[in-house]
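I am opening a notebook on a structure that is new to me. Each entry records what I looked up and what I found.

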Amino acid sequence: MPILIVIPMSFSPKRIIEFPPQGFSLKWYLSYFTNPQWIDATLRSFRVALGVAFLSTLVGVLAAFGLVRGQFRGKGCLTAFILSPLIIPVIIKAVSVYYFFSKLHLVGTELGLVLAHTASAIPYNVIIVASTLINFDETLERASMNLGANRIRTFFHITLPLIQTGLISAALFAFISSFDELIIAIFISGVKAITLPKMMWDGIRFEVNPTLTAISSIFILLSTVLLLSSEYFRKGFQKKGGLEFPR
Amino acid sequence: MKDRHVVLKEVTKRFGQVMAVDGVSLEVGRSEFLTLLGPSGSGKTTTLMIIAGFESATSGEVYIDGKPMIQVPSYKRNIGMVFQNYALFPHMTVYENIAYPLKMRKIDSKVIEEKVLRILGLLKLPEYSDRYPSQLSGGQQQRIALGRALVFDPPLLLMDEPLGALDKQLREHMQLEIRNLQRALKVCVIYVTHDQEEALTISDRIAVYNHGRVEQIGSPEELYERPNSAFVANFIGESNLFEARIQRIDGEMAICTGDNFYCQVQVPEESAVGQNLRLVIRPEKIYFVRQSGPENGLTGKIEEIIYIGEMTKYSVKIGEQMVRVKRQNRWGEKKYQVGESVSLGWSPQDVRVVL
């Protein structure tokens with residue numbers, strides 16, 4: 001509920017943040033959409049989040065396949081290693097990535113942001129994709145190969161369509177986690193690659209500008225749309241017998 | 001067999017310390033229906049998986065149509081297969097499922113449509129082509145799986161307990177349907193089941209599996225009438241097993257005695273006096289006699305009587321052993337009571353000496 005209060009506040013005509021708002025105006029939305037700095041940060045956040053979604057899902061799928069299907073020594077240790085970023089505090093990750101990336105000249109670049117965010121998104125991705133894969137009936141792959149499809153065609157015709165809800169959930173999750181990530185962004189953004197959350201953070205620190213309420217409202221709307229669309233997609237897919245990851 | 005389609009030579013599969021398949025050799029004819037029958041874990045499914053190319057053999061060779069198959073990947077073997085749980089693709093319609101093997105063979109879409117519709121007609125399911133598998137009953141899914149395995153005209157069809165999930169009535173109906181389809185298409189079928197009744201109904205020949213080996217292979221009649229081992233005698237139908245010792249040999253016949261009984265049996269040539277034999281006799285071949293004759297004699301007490309409609313089953317205690325007897329319920333058949341003393345007899349030709 002406190003989150004929703006932001007929405008009416010964003011339509012306030014006054015210069016201070018207040019509730020309930022007195023009057024109605026779209027001036028803060030206008031100020032957001034006409035300020036090139038805000039738009040620049042927003043677009044950057046989108047680019048970074050898309051990159052993270054793609055990269056972490058790709059790595060997540062490959063790792064999950066290896067962990068679920070493979071049989072090799074040290075599988076337990078490898079699993080623990082892949083999931084280990086989950087137990088490290090974000091601030092420690094942020095500081096260590098900052099030192100590491102500064103040597104590689106990745107601080108202040110979008111690539112640096114993508115890599116850092118991907119590293120924290122991978123464990124979640126592996127968990128989501130692996131739990132989808134565990135529920136996947138391998139007999140279907142055997143049936144496909146028996147019917148004349150080689151491994152690659154089997155993957156694209158049978159395996160991928162049946163686990164795609166898991167992949168889409170994983171990608172959406174990675175997207176959202178990168179899009180509203182602040183702490184790593186504070187360290188890696190530098191002065192050149194400022195993301196939307198970083199810019200909002202700066203906005204709160206230096207001046208309490210009601211433009212923030214407009215941005216927050218847009219943020220809320222966007223997340224809601226993303227979640228609803230994944231839900232809608234999942235339901236439509238389940239009807240066709242697709243797999244979903246257990247919640 | 002000169003017209004053989006599938007040949008297995010000394011096929012062995014080891015999982016760690018366990019011999020799942022232990023030196024199996026089989027020959028299957030071009031339009032033969034062979035069933036691999038055995039208890040679970042006896043290696044019959046593993047054998048099928050090796051033929052399909054899903055498991056590699058530890059040693060041995062598989063030939064299909066004269067060509068060695070061990071190095072050939074499953075998608076190039078051109079074998080139809082029906083899986084235990086059907087393995088229909090849940091994200092494809094019935095039509096897409098059946099069209100799948102044809103699509104993988106890059107066949108023209110017009111020809112695909114023609115073939116799929118023909119198969120759906122053959123299976124009497126033409127109106128279901130747009131449904132998804134989850135919208136079909138078990139029996140319908142079973143037919144679609146069969147259709148998908150046959151649509152590309154494979155010369156060999158493998159079936160892994162395909163009727164296991166269906167109820168008894170539907171199962172019996174499908175047995176006949178599969179049998180008729182196999183005869184019509186003249187396809188070679190290797191069928192796995194643990195249900196001996198199903199195996200007897202459906203097969204040309206049956207290979208009985210036990211502990212990774214083929215115990216005996218033969219027609220249903222051979223296996224039932226002339227089992228080689230106590231295992232086969234017990235696995236296919238009911239039987240009574242007796243331990244006996246040869247007392248006297250008279251040509252082909254020998255007089256044997258055991259605990260509380262004596263009998264005449266036809267013995268193998270190399271038998272000698274004093275040798276121990278294991279004898280098998282089917283419950284329905286034993287009858288009640290007023291007095292024991294010279295061929296055989298055993299006397300005991302009826303412990304249990306079960307009426308099952310066309311037959312009555314008796315358990316007769318002879319010494320320490322329980323002997324099962326089945327008699328048809330005909331007019332004039334004498335009625336017995338529990339606790340009554342009875343003498344049993346049979347024709348010497350109905351006794352089998354087993355390993």
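The entries below go from the whole of one chain down to single residues.

**Entry 1. Ground rules.** I am working with a predicted model, in which local features need pLDDT of at least 70, side-chain atom pairs count only at pLDDT 80 or more, and totals for chains, interfaces and linings use all residues. Residues are numbered from 1 along each chain as its sequence is written, while chains are lettered from A and ligands numbered from 1 in the order in which they are written.

**Entry 2. Chain B as a whole.** I began with the extent of chain B: its C-alpha atoms fill a box of roughly 75 × 45 × 35 Å along the principal axes. I then listed its secondary structure and got eight helices and 20 strands. Helices (H or I, at least four residues) and strands (E, at least two) are DSSP runs, numbered from the N terminus. Of the 355 residues in chain B, 36% are buried. I call a residue buried if 20 or more other C-beta atoms lie within 10 Å of its own, exposed if 12 or fewer, and partly exposed in between, with C-beta atoms placed from the backbone. I also looked at contacts in chain B between residues at least 6 apart in sequence, and 64% of them join residues at least 24 apart. A contact here means that the C-beta atoms of two residues, placed from the backbone, lie within 7 Å.

**Entry 3. Domains of chain B.** Domain 1 of chain B covers 4-230 and domain 2 covers 238-354; such bounds come from an automatic or database domain assignment. The centres of the two domains, taken over C-alpha atoms, are 40 Å apart. Where they meet, five residues of domain 1 are in contact with five residues of domain 2. On the domain 1 side I noted two nonpolar, two polar and one charged residue. In this classing, Ala, Val, Leu, Ile, Met, Phe, Trp, Tyr, Cys and Pro count as nonpolar, Asp, Glu, Lys and Arg as charged, and the others, Gly among them, as polar.

**Entry 4. Strands in chain B.** I traced an open sheet of four strands in chain B, in the order β2-β1-β4-β5, with antiparallel pairing. Its edge strands are β2 (18-29) and β5 (67-68), each pairing on one side only. Two strands pair if DSSP finds at least two bridges between them. Between β1(B) and β4 (residues 59-64) of chain B I found five bridges in the antiparallel sense, and V7(B) stands opposite Y63(B) in β4(B).

Further along, strand β11 (residues 240-250) of chain B runs antiparallel to β14 (residues 276-281), joined by six bridges. There, R245(B) stands opposite N276(B). Strand β14(B) also pairs with β20 (residues 352-354) of chain B, antiparallel over three bridges, and L279(B) has V353(B) as its bridge partner in β20(B).

**Entry 5. Where the chains touch.** The contact takes 20 residues from chain B and 17 residues from chain A. On the chain B side, helix α2 (residues 94-104) gives the largest share, three residues. By class, that side has 14 nonpolar, four polar and two charged residues.

**Entry 6. The largest nonpolar core.** A nonpolar core is a set of buried Ala, Val, Leu, Ile, Met, Phe, Trp, Tyr and Cys residues joined through C-beta atoms within 7 Å. Which members of the largest one, with its 140 residues, touch the most other members? They are V129(A), I188(A), L158(B), I190(B), A207(B) and V208(B). I followed V208(B): beyond its neighbours within four places in sequence, its contacts include L37(B), V214(B), L223(B) and F235(B).

**Entry 7. V52(A).** This residue sits in helix α3 (residues 36-69) of chain A. V52(A) is buried because 29 other C-beta atoms lie within 10 Å. Not counting residues up to four places away in sequence, V52(A) touches V114(A), H117(A) and A174(A), among others.

Entry 8. Most residues other than glycine have a negative phi. H105(A) is in the loop between α5 (90-103) and α6 (110-134) of chain A, whereas E10(B) is in strand β1 (residues 4-15) of chain B. Are they buried or exposed? H105(A) counts as exposed because it has 9 C-beta neighbours inside 10 Å. E10(B) is exposed too, with 12 other C-beta atoms within 10 Å.
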